[in-house]
Structures are given as structure tokens and as C-alpha cells.
Amino acid sequence: MNRERFISFLESVSFWEPEWLEELRSSCIERGVPVVRRDAAQLLRFLTVQTGAENILEVGTAEGYSSLLMWDASGGKVHIDTIENSERRLEKARVNLARAEGGIRLLEGDALEILPGLEGPYDLVFMDAAKGQYLNFLPEVLRLLKSGGTLVTDNTLQEGRILESRFAVERRDRTIHSRMRGYIRKLMDTPELVSTLLACGDGMLLSVKR
Ligand code: SAM
């Protein structure tokens, strides 16, 4: 199956979202601000509803597109804590997240410092920050995830580079390559989790905590 055709088909038949959210998405893309890909966003919307999550943690807000997407999917009922450390993005996120009228709490700073101070438990965690740090975030994220909760990790396939042998990727990409492979293995191997890796977005790794 041709993946590009699949994505354009998916976009042509589905993915309803309110105009204000579409505008935020387009504006982010135009300015080079990262947002979750279309098919992964649809999966996130689906999981928010399917899990009936009441408390969500997001690591990596950017300007707030994905947290607003989950908030909107829940009909404005969910509470979301979202972490961001870039001052430039925080400025925009503060304004954008005001739409959720307190439903989304923006935690400003480095996730490595903020995570240990959180209590949770969260029904759903969306991990979407610095890819090289996922393994470092993991112990705190697993502590915060409730039993039966879902961890969604984006960008695990890194445009397909993770599928290649370590020696086939550019030298500068080797560290992230081995860290991400280590992260995928860890999630697949941890007995506390049941995980599956989807060729969706840039590689969505879904894990349920037993
Ligand atoms: N989830 C967003 C969306 O789809 O709208 C996109 C998030 S973007 C891929 C990743 C974000 O994580 C960036 O804005 C980056 O500044 C932030 N980030 C990276 N490392 C971080 C860290 N250690 N602590 C907090 N935020 C971090």
C-alpha cells in the first residue's frame, strides 16, 4: 500500500475539527512550529474519547494544538496538564490555551524537573517532547500513569530512520537512533505494559499499563 495515498485518502474522507483548531494547525505549520501529524492527531482524538480519559498529561505543548485537540475531543470535559520549556512557544501557548477556560494547565519549564513534582494519576499520557529524552522521562511517566491508563508516544520512527541499521544513518543521528530503539524495546519489554507500534504519524507507540 502506498502510504502517501493512504494519508491523502484519510484526509479526504475524515478528520472533522472545528475551524479555530484547523486555523491553529495551519498557522503552526506555516511558521514551522511542530504539530502532531494529521493521522496521528486523528488517533489522539479517537483515544481521548475511547479511553474516556478525565485527566491527561502531555509532555511537549509547543503552541497547544494537540492539547486543545484532546480537550475539544472530550467535549471540554477533560483536565490536561501540559509541559513546555521553550519561552517562545510558551508565549503563544498561554494565549491559545486560554480557550480551554482552565481545562488545560500549562506547566512551564523542563519536563525532567516538573514531572517529579506531579501527583497524577493520569488516564492518558501523550509523550511528544525531545525524542532523545524519552527514556529519561519514562520512570516518572510510568509512576504518574494510572493502572489501566494509556501512554501514547509520538515520533518513534523518526521518518523511518529507526527502521534502518545504526550504520546506515548519518553519524550525527546515531545517538537519537540508539536512544529511540532503546525506548521502543523498553516499552515492548516492560512486563508492566502491553505495547504496540503503529505506522501512524511518525510512529505512534501505544502502551497500556496493567
Ligand atoms: N504536542 C505538540 C502538538 O502536536 O501541538 C507538539 C510538540 S513538539 C513536537 C515538542 C515540544 O516539546 C517543543 O515545543 C519543545 O520545545 C518541547 N520540549 C522539548 N523538550 C522538552 C523538555 N525537556 N521539557 C519541556 N518541553 C520540552
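Me: How far does a backbone N or O atom of A130 lie from a nitrogen atom of the ligand?
Reply: The model is predicted, so the distance is a computed one. A polar contact needs a pair of N or O atoms within 3.5 Å. For the backbone of A130 and a ligand nitrogen, the separation is 3.4 Å.

Me: How much of the accessible area of the ligand does the protein cover?
Reply: On its own, the ligand has 600 Å² of accessible area.

Me: Which elements each supply at least two residues of the shell around the ligand?
Reply: The ligand is surrounded by 24 residues, with V36, G60, S66, E84 and D128 the closest. By class they are eleven nonpolar, seven polar and six charged. The elements that supply at least two each are α4 (65-73) and β2 (79-84).

Me: In which pocket does the ligand sit?
Reply: The largest pocket holds about 460 Å³ of space, and 28 residues line it. P34, G60, D128, A129 and K131 lie nearest its centre. The second largest pocket has about 160 Å³, and its lining includes R3, R37 and L157. The ligand sits in the largest pocket.

Methods
Residues numbered from 1 in each chain as written. Predicted model: local features only at pLDDT ≥ 70, side-chain atom pairs only at ≥ 80, totals over all residues. Heavy atoms only, no water. Near = heavy atom within 4 Å. Polar contact = N/O pair within 3.5 Å; in protein donor to acceptor, adjacent residues only side chain to side chain. Areas by Shrake-Rupley, 256 points an atom, 1.4 Å probe, with all protein chains shown as cover. 1 Å grid on protein atoms, 1.4 Å probe; cavity = no way out; pocket = protein on both sides within 12 Å on 5 of 7 lines; lining within 4 Å. Sits in = over half its atoms within 2 Å of the grid points. Helix = DSSP H or I, 4+ residues; strand = E, 2+ residues; numbered from the N terminus. Nonpolar A, V, L, I, M, F, W, Y, C, P; charged D, E, K, R; others polar. Points joined across faces, edges and corners; volume = space filled by probe spheres on them.
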